[in-house]
Amino acid sequence: MFSIIGIVVVFGCIAGGYLMEHGNIKVLLQPAELLIIGGAAVGTVLISNPIHTLKSIISGVIGVFGSSKYSTEHYTNSLKMMYELLQKARKEGLVALETDIEEPDKSPLFSKYEGFVKDHHAVAFVCDTMRMAVSGGVEVFDLDQMLEVDMDVHHHGATEPVTSLSTMADSLPGLGIVAAVLGVVITMSAMGGPPEEIGKKVAAALVGTFLGILLCYGLVGPLASRMGKMADEQHAFLLVLRVTMIAFLKGVAPIMAVEIGRRTVPGHVRPSFKAVEEACRGAKAEAAAAAPDAEPAAG
């Protein structure tokens with residue numbers, strides 16, 4: 001939402017200032033210049049990136065115009081979910097998690113947390129880690145190192161479209177100059193004609209430079225920056241999950257492992273100790289209420 005507001009502010013203020021100086025807005029409408037700059041910029045992206053990166057760029061740009069899912073509420077619910085998962089492992093043993101981690105989409109535990117289940121990478125991150133813990137044979141230190149590598153690989157993949165979009169933004173001023181030079185060539189070929197016609201062609205050439213710089217610093221560059229921040233948000237979320245699981249596997253009680261994870265949450269979205277504690281108590285009460293119903297069914 002704020003991205004849309006920002007774009008409106010950028011283009012609105014530029015157009016408003018231009019009109020205040022009694023500029024003719026029609027002069028800025030140069031489809032040919034926009035085709036040269038925009039088309040060439042898109043072409044450079046197509047040349048330099050594989051198909052999966054192009055898909056990531058498109059999905060990333062679309063995601064910029066939505067709100068961040070990593071809110072305080074999302075972190076609270078995720079920590080509550082981790083508490084339930086770890087508490088079950090502590091009471092019934094790690095083997096009891098097999099039904100949940102093998103088919104997380106059918107797990108009664110995970111299904112209560114729709115926001116978490118929609119994040120397929122986070123679900124795989126948790127389930128694959130706990131699967132290795134259940135199977136045994138891997139030291140906690142080695143498992144932690146593996147999770148670190150997994151996060152680095154994922155973060156690198158998430159920042160690839162950011163790098164590509166940033167490269168495109170950097171090319172726009174140069175492509176604007178290309179459009180301007182072509183405009184000058186057209187102008188020179190029309191020398192000797194009416195001064196008004198020559199003036200229009202010069203103005204069109206200068207608009208090419210203007211558009212290249214505006215699109216670089218006013219649109220594409222900020223979009224790439226926002227996509228980079230989105231990748232950092234996901235990386236921070238995975239770090240919370242990693243720290244929580246590793247703390248538990250080292251022998252820390254589930255509630256303390258969750259608290260260690262809470263301390264890893266970025267400050268601007270970190271839930272309070274009381275909020276997480278109350279959420280975990282609620283999960284414990286829900287489990288206790290469900291237990292009597294499960295016993296007759298088992299019998």
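Ring pairs tie Y70, Y75, F110, F116 and F237 together in a cluster. Rings of Phe, Tyr and Trp (its six-membered ring) pair if their centres lie within 6.5 Å, with planes under 30 degrees apart called stacked, over 60 edge-to-face and the rest tilted. This is a predicted model, so to speak of local features takes pLDDT of at least 70 and side-chain atom pairs count only at pLDDT 80 or more, while totals for chains, interfaces and linings use all residues. Numbering runs from 1 along each chain as its sequence is written, and side-chain values use heavy atoms, leaving out hydrogens and water.

**Aromatic pairs**
- By that rule, the count is four aromatic pairs.
- In one of them, Y75 and F237 have ring centres 5.5 Å apart and planes at 65°, so they sit edge-to-face.
- Y75 is in helix α5 (residues 72-92) and F237 in helix α11 (residues 195-249), so the pair ties together parts 162 residues apart in sequence.
- Y75 counts as buried at 1% relative accessibility, and F237 counts as buried at 0%; buried means under 20% relative accessible area, exposed over 50% and partly exposed in between (1.4 Å probe, protein chains only).

**Helix α1**
- F2 is found in α1, which covers residues 2-20; helices are DSSP runs (H or I, at least four residues), as strands are (E, at least two), numbered from the N terminus.
- At 73% relative accessibility, F2 counts as exposed.
- The 19 residues of α1 should span 27 Å, and the end C-alpha atoms are 26 Å apart, which agrees; the expected span is 1.5 Å times one less than the number of residues.
- Just after α1, H22 has a positive phi of about 65°.
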